[in-house]
Amino acid sequence: MAAPTKKILISQPMPVSGHSPYFSIAEKYGYEVEFRQLIKVVPVEAAEFRRQRVDILGHSAIIFTSKSAIDNFFALTKELRLTIPEGMKYFCQSEAVALYLQKYIVYRKRKVFYAPNSFSLADMLTVIGKHAKETYFVPVAEDHGQELFDKLTEKKITFHSAVMYRTVTRDFEEPLPIDHDIILFFSPYGIRSVKELYPDFEQGDRVVGSFGSLTTESLKERGIRVDFTAPTPECPSMVVALEKYLSEHAE
């Protein structure tokens with residue numbers, strides 16, 4: 001009888017291209033890969049946004065730190081029937097985020113700003129510092145951190161923020177079973193979703209990989225053993241961390 005197939009669950013959506021380095025790693029070590037999105041990001045209700053009493057159109061610039069922020073900002077402003085003026089300026093944390101704006105606006109370099117070849121908050125803040133007279137609006141998630149706000153305050157930048165989106169567990173008519181040998185988590189929300197969708201979940205011998213310190217902390221708080229993590233100096237990505245773990249534990 002053939003040995004049962006070993007499986008890896010990646011708690012993220014399948015890449016749009018259908019290609020991923022996870023597939024080649026899994027094939028190399030004799031695993032099957034399944035992408036399963038356990039969470040989704042949704043805009044807050046219009047009434048909830050209005051209660052925050054923030055006038056988006058009273059600002060001359062918007063700061064975007066992610067593609068999710070862009071999607072949910074424009075989804076909610078459409079629901080609110082707000083027309084964003086042509087002269088609005090956009091400051092983005094990376095070139096990829098900036099280019100994503102083309103989905104919603106006519107992209108003009110004179111109104112879209114980012115730090116070239118950088119993903120760092122510090123570099124984006126340097127760009128913002130050169131436009132200190134603007135009044136900034138910052139759309140954020142419900143669980144947003146304070147670092148960006150603290151840095152803007154330090155630089156004496158005028159800004160206001162509002163919660164425009166949140167992360168929730170995906171709706172499944174009937175959740176598929178978790179019978180995988182390895183599970184990769186990328187956010188505390190993914191862990192929470194597993195507990196909501198699979199209340200009887202037990203780790204047992206399953207190997208768990210964790211991306212990010214908050215994810216690792218959340219796993220440990222729930223009594224889940226973390227077998228490998230990323231990013232680290234040696235493993236800057238989950239792909240690298242997974243291959244390192246598999247190579248060290250190859251049968």
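The structure is a predicted model, in which local features require a pLDDT of at least 70, side-chain atom pairs count only at pLDDT 80 or more, and totals for chains, interfaces and linings use all residues. Residues are numbered from 1 along each chain as its sequence is written, and side-chain values use heavy atoms, with hydrogens and water left out.

The protein contains 9 helices and 11 strands, taken as DSSP runs numbered from the N terminus (helices, H or I, at least four residues; strands, E, at least two). Its C-alpha trace extends over about 70 × 40 × 35 Å along the principal axes. Of the 251 residues, 43% are buried; here buried denotes under 20% relative accessible area, exposed over 50%, and partly exposed the range in between (1.4 Å probe, protein chains only). Contacts are defined by heavy atoms within 4.5 Å. Among contacts between residues at least 6 apart in sequence, 67% connect residues at least 24 apart.

The largest pocket has a volume of about 1500 Å³. It is lined by 41 residues, of which S66, S68, T167, F186 and S187 are the closest to its centre. Two or more lining residues are contributed by each of α1, β3 (39-43), β7 (135-141), α6 (147-154), β8 (158-169), α7 (188-197) and α9. The largest share, 4 residues, is that of β7. A pocket is an open set of points on a 1 Å grid over the protein atoms alone, where a 1.4 Å probe fits, with protein on both sides within 12 Å along at least five of seven lines; lining residues have an atom within 4 Å of a point. Grid points are joined across faces, edges and corners, and the volume is the space filled by probe spheres set on the points.

A total of 13 salt bridges is present, each defined by a side-chain nitrogen of Lys or Arg within 4 Å of a carboxyl oxygen of Asp or Glu. One of them joins E86 and K111, with an N to O distance of 3.8 Å. Because E86 is in the loop between α3 (67-79) and β5 (89-92) and K111 in the loop between α4 (95-100) and β6 (112-114), this pair ties together parts that are 25 residues apart in sequence. E86 is exposed at 55% relative accessibility, whereas K111 is buried at 6%. In the salt bridge between D227 and R225, the closest N and O atoms are 2.9 Å apart. D227 is partly exposed, at 27% relative accessibility, as is R225, at 37%. K244 and E248 also form a salt bridge, at 2.7 Å from N to O. These two residues are 4 residues apart in helix α9 (residues 238-248), and are therefore separated by about one helical turn. K244 is partly exposed, with a relative accessibility of 26%.

S11 is located in the loop between β1 (6-10) and α1 (21-29) and is buried, at 9% relative accessibility. Its side chain reaches the backbone oxygen of L184 at 2.6 Å. Residues up to four places away in sequence aside, S11 touches R36, L38, L184, F185 and F186. P188 lies in helix α7 and is partly exposed at 30% relative accessibility. Apart from neighbours within four places in sequence, P188 contacts L214, T215 and S218. The C-alpha atoms of P188 and K78, 110 residues apart along the chain, are separated by 30 Å.

Most residues other than glycine have a negative phi, and most peptide bonds are trans. A cis peptide bond, with omega about -5 degrees, joins A230 and P231; P231 is placed in the loop between β11 (228-230) and α9. R81, which is not a glycine, has a positive phi of about 60 degrees. R81 occurs in the loop between α3 and β5 and is exposed, with a relative accessible area of 76%. K156, likewise not a glycine, has a positive phi of about 60 degrees. K156 belongs to the loop between α6 and β8 and is exposed, with a relative accessible area of 73%.

Methods:
A polar contact is a pair of N or O atoms within 3.5 Å; within protein, one must be able to donate a hydrogen and the other to accept it, and residues adjacent in sequence count only if both atoms are side-chain atoms.
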